[in-house]
Amino acid sequence: MKEILRLTLSIGLVCLIGGAALAYVNVKTDGPRQEAAAKTLVDSLKLVLPPETASTTKAASVDGVDFYDAQDSAGRTIARAAVGSSSLGFGGEMKVLVGLSPDNRILGVMVTEHNETPGLGTKATNRKAQKSLWDVLAGKATEDAFPPNAYLDSFTDRPATGFSLGSDSQGQTVQAISGATTSCKAVLDAVNAVCRAVHTTEGR
Amino acid sequence: MSYFQEFWKGIWKENPVLVLMLGMCPTLAVSSSAKNALGMGLATTFVLVGSNMVISMVRKVVPDKVRIPCYIVIIAVFVTIVEMLMAAYAPAELNRTLGIYIPLIVVNCIVLGRAEAFASKNGVIASGLDGLGMGFGFTLALMALGAVREFLAEGTLFELQVIPGWEPFMLMKLPPGAFIVLGFFLAGMNLLKIRQARREGKKYTPPEIDCSRCNICNR
């Protein structure tokens with residue numbers, strides 16, 4: 001009996017001290033963590049919004065799609081961005097950020113969260129500039145915050161009324177990348193979710 | 001053993017990945033690029049040093065019968081602290097890539113292995129240095145694997161192109177590539193040791209990983 005009490009007490013004490021330490025770090029890092037998360041979101045929003053954007057505010061969500069309004073320095077709303085998601089990705093959930101002009105044309109598309117296969121599916125999701133080691137060493141490298149991606153850029157400047165895969169001229173189509181068809185379909189699905197939400201907001 | 005030797009053994013003689021064969025799961029998962037490997041290695045090093053030192057401090061207080069649960073709690077506390085610190089201060093991209101691997105450090109066998117085999121028998125400073133050496137050894141092995149895999153797959157190092165126009169060899173970036181490259185690394189390690197033994201005129205014997213190195217069962 002005494003033995004059990006001693007074991008229980010010692011493990012309880014370890015848990016208590018550990019819990020207290022965690023609570024302390026949690027309180028201390030709570031502010032910075034929220035700032036970091038907010039900064040990550042704002043940084044990616046700025047990439048799909050016009051360069052004049054000075055601030056962004058969260059707008060209402062429609063059908064599970066979050067909208068963000070972009071204001072210029074005079075406070076006028078000049079564009080908006082939407083986060084669409086799809087569960088059709090090769091690795092499941094995928095989140096896509098879409099910038100929209102006031103007349104609902106697509107300004108830019110970028111994938112913020114995905115789980116696609118490196119080198120295959122990521123061809124459809126990653127905007128990655130290839131910098132050369134030798135250029136960096138020579139000091140010639142330039143920073144490109146929004147590198148091109150042929151598939152994601154094929155949505156740009158087209159009205160957000162829904163897209164489909166294919167090469168025929170019927171309706172709005174985008175061309176999938178071979179070897180990354182599933183990932184392309186997931187991006188398309190997420191963009192179409194945004195298009196449907198845009199349609200719903202216009203209908204109101 | 002001197003303090004320096006406690007530190008150094010983790011990097012070469014008892015390298016956790018290449019000699020002790022501990023922590024294979026994160027090794028295979030996170031060595032797909034040199035950058036990921038570096039981040040994971042440093043996070044693991046922090047947990048190892050912290051947990052080793054605390055476990056060494058409480059080694060005489062905690063009763064033997066419940067020592068493993070106590071160690072796990074201490075390790076889990078350090079991992080959660082690392083997770084929170086990374087969410088707050090690490091670059092967003094690193095945080096996103098490593099996010100899913102950080103909780104896995106709790107069950108990384110290197111951390112519990114060193115707690116059991118070293119920290120529970122040695123002093124605080126020696127345990128801290130052991131953790132530091134093992135952590136750096138893990139980081140270096142992971143980075144070497146990651147660099148080779150990244151280079152073979154995409155012709156890049158730390159995401160910077162080394163050879164323009166490299167034909168992508170994506171197998172190396174996927175899990176099978178990890179097994180293949182690790183196999184060559186271990187073969188190379190054995191070759192070095194066999195040569196060294198021959199130079200010294202001795203017969204090569206594989207590293208002794210026997211009961212004298214571990215006390216999980218014989219208390």
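A salt bridge is a side-chain nitrogen of Lys or Arg within 4 Å of a carboxyl oxygen of Asp or Glu. In this predicted model, the count by that rule comes to 14 salt bridges over all chains. One of these joins Arg33(A) to Asp30(A), with the closest N and O atoms 3.9 Å apart. The two residues lie 3 apart in helix α1 of chain A, so about one helical turn separates them.

Between the chains, the count is 1 salt bridge. Its partners are the side chains of Lys65(B) and Glu3(A), which meet at 3.2 Å, N to O. The contact draws on 28 residues from chain A and 27 residues from chain B. About 2400 Å² is buried between chain A and chain B. Carbon and sulfur atoms give 76% of that area.

Helix packing was examined next. Two packed helices are described by the angle between their axes and the distance between the axes. From α1(A), the contact residues are Ile11(A), Val14(A), Cys15(A), Gly18(A), Ala21(A), Leu22(A), Val25(A), Asn26(A), Thr29(A), Pro32(A), Arg33(A) and Ala36(A). They meet α4(B) residues including Pro69(B), Cys70(B), Val73(B), Ile74(B), Val77(B) and Tyr89(B). By class, this contact has 19 nonpolar, 4 polar and 1 charged residues.

Within chain B, helix α7 (residues 124-154) packs with helix α8 (residues 175-199). The angle is about 120°, with the axes 10 Å apart. That angle makes α7(B) oblique to α8(B). The crossing is right-handed. On the α7(B) side, Ala144(B), Leu145(B), Val148(B) and Arg149(B) make the contact. On the α8(B) side, the residues are Pro175(B), Gly177(B), Ala178(B), Val181(B), Leu182(B) and Phe185(B). The contact of α7(B) with α8(B) divides into 8 nonpolar, 1 polar and 1 charged residues.

Helix α7(B) also packs with helix α6 of chain B (residues 109-119). Their axes come within 11 Å and cross at roughly 145°. This crossing, too, is right-handed. Helix α6(B) contributes Ile110(B), Arg114(B), Phe118(B) and Ala119(B). Helix α7(B) contributes Ala126(B), Ser127(B), Asp130(B), Met134(B) and Phe138(B). The residues of this contact divide into 6 nonpolar, 1 polar and 2 charged.

Key. Residues numbered from 1 in each chain as written. Chains lettered and ligands numbered in written order. Predicted model: local features only at pLDDT ≥ 70, side-chain atom pairs only at ≥ 80, totals over all residues. Heavy atoms only, no water. Axes fitted to C-alpha atoms, helices over the stretch in contact; angles between N-to-C directions. Helix = DSSP H or I, 4+ residues; strand = E, 2+ residues; numbered from the N terminus. Parallel < 35°, antiparallel > 145°, perpendicular 65-115°, else oblique. Left-handed = near helix turned anticlockwise from the far one by under 90°. Contact = heavy atoms within 4.5 Å. Nonpolar A, V, L, I, M, F, W, Y, C, P; charged D, E, K, R; others polar. Buried area = accessible area lost by both parts, 1.4 Å probe.
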